[in-house]
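Subject: Structure for your review

Dear colleague,

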Amino acid sequence: MTRFDERLHAGAWQSLEISRELFRGASEYQSILVFENPLLGRVLVLDDVVQTTEADEFIYHEMLAHLPILGHTEVSEVLIIGGGDGGMLEEVLKHPLARVTVVELDACVVEICREHLPSICGAAFDDPRNDLIIGDGAAYVADTDRRFDLIIVDSPDPMGPAKILFGQSFYANCRRALRDGGLLVTQNGVPFFQSNEVRGSARAFANLFRNWGFYVAPIPAYYGGHMAFGWASNGVDLALGLDDFGRKRASSLDTRYYNSDVHEAAFALPTYIRDLIDS
Ligand code: SAM
């Protein structure tokens, strides 16, 4: 039996059976592997780290798309940084909004995911509201004169070209690219194994935004317990939860993880994560 060994964390690794290999190659930015696993379905791996899987992608994409959109209420222009697998785009497009701009560094990821992971991206990249830009997300938010109600940072872990997406100057440029009252949300790793991600983002958010915090959800392929999602805004306070209209909209969404109860509960942080944020 062939297998894929992920060694993202020092000393605690995961191994996935490869029942069928669909793509193995490299772009100018990273190595790219797509394979089938009996439990997780098709799996996307970039630079030897699991990015998303057919079986559990719904949890991550629903929590980083629907929770902020319903928590903000006035979302019309969305920017997704990263997100080349199309899963975030597909969830965001379930909402009545004007445009979703995706700034993805690597065109090969989009191409390979459209071909080998259609169950994740669906027809999202063909939606007329989608504006796909191939480029570095950090440079984009530094230079753009466009303004957004919501910025979703759907990045890999802070390594290689994604490292810059976890720094204070990037978050400061996201703040610049937000409309008044706009909201930034981020993929912030698994605090149990990646404590520096939450700690670093918390420090940067505290320096840049009036309201900020984290919420959590468990995603099997990102092993080690809760995944943390960062949020920050000089307008909305996401932790206030949903109003009646938001609860109504949540109940009308086609989702398999997110719902209005999960929305409220996601902000209940375990003490060890609270302590990390305050450290
Ligand atoms: N759900 C995954 C996670 O939580 O790790 C992220 C998946 S998505 C495939 C991550 C995407 O970010 C990749 O396609 C990668 O090419 C892209 N990316 C990495 N660095 C980037 C940058 N500086 N600007 C824009 N996209 C970037």
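**Ligand contacts and cavity**

A backbone N or O atom of Q51 is placed 3.2 Å from a nitrogen atom of the ligand, a polar contact being a pair of N or O atoms within 3.5 Å. The protein covers 99% of the 600 Å² of accessible area that the ligand has on its own, by the Shrake-Rupley method with a 1.4 Å probe. This is a predicted model, in which local features need pLDDT of at least 70 and side-chain atom pairs count only at pLDDT 80 or more, while totals for chains, interfaces and linings use all residues. Residues are numbered from 1 along each chain as its sequence is written, and side-chain values use heavy atoms, with hydrogens and water left out.

Two further contacts should be noted. From a nitrogen atom of the ligand to a backbone N or O atom of P161 the distance is 3.0 Å, and a polar side-chain atom of Y60 lies 3.4 Å from a ligand oxygen atom.

The ligand is surrounded by 24 residues (a heavy atom within 4 Å). Q30, E104, D136, G137 and P161 are the closest. By class, this shell has ten nonpolar, nine polar (Gly among them) and five charged (Asp, Glu, Lys and Arg) residues.

The space taken by the ligand is the largest cavity, where more than half of the ligand's atoms must lie within 2 Å of the grid points. A cavity is a set of points, on a 1 Å grid over the protein atoms alone, where a 1.4 Å probe fits but cannot get out; lining residues have an atom within 4 Å of a point.

Yours sincerely

Key: Polar contact = N/O pair within 3.5 Å; in protein donor to acceptor, adjacent residues only side chain to side chain. 1 Å grid on protein atoms, 1.4 Å probe; cavity = no way out; pocket = protein on both sides within 12 Å on 5 of 7 lines; lining within 4 Å.
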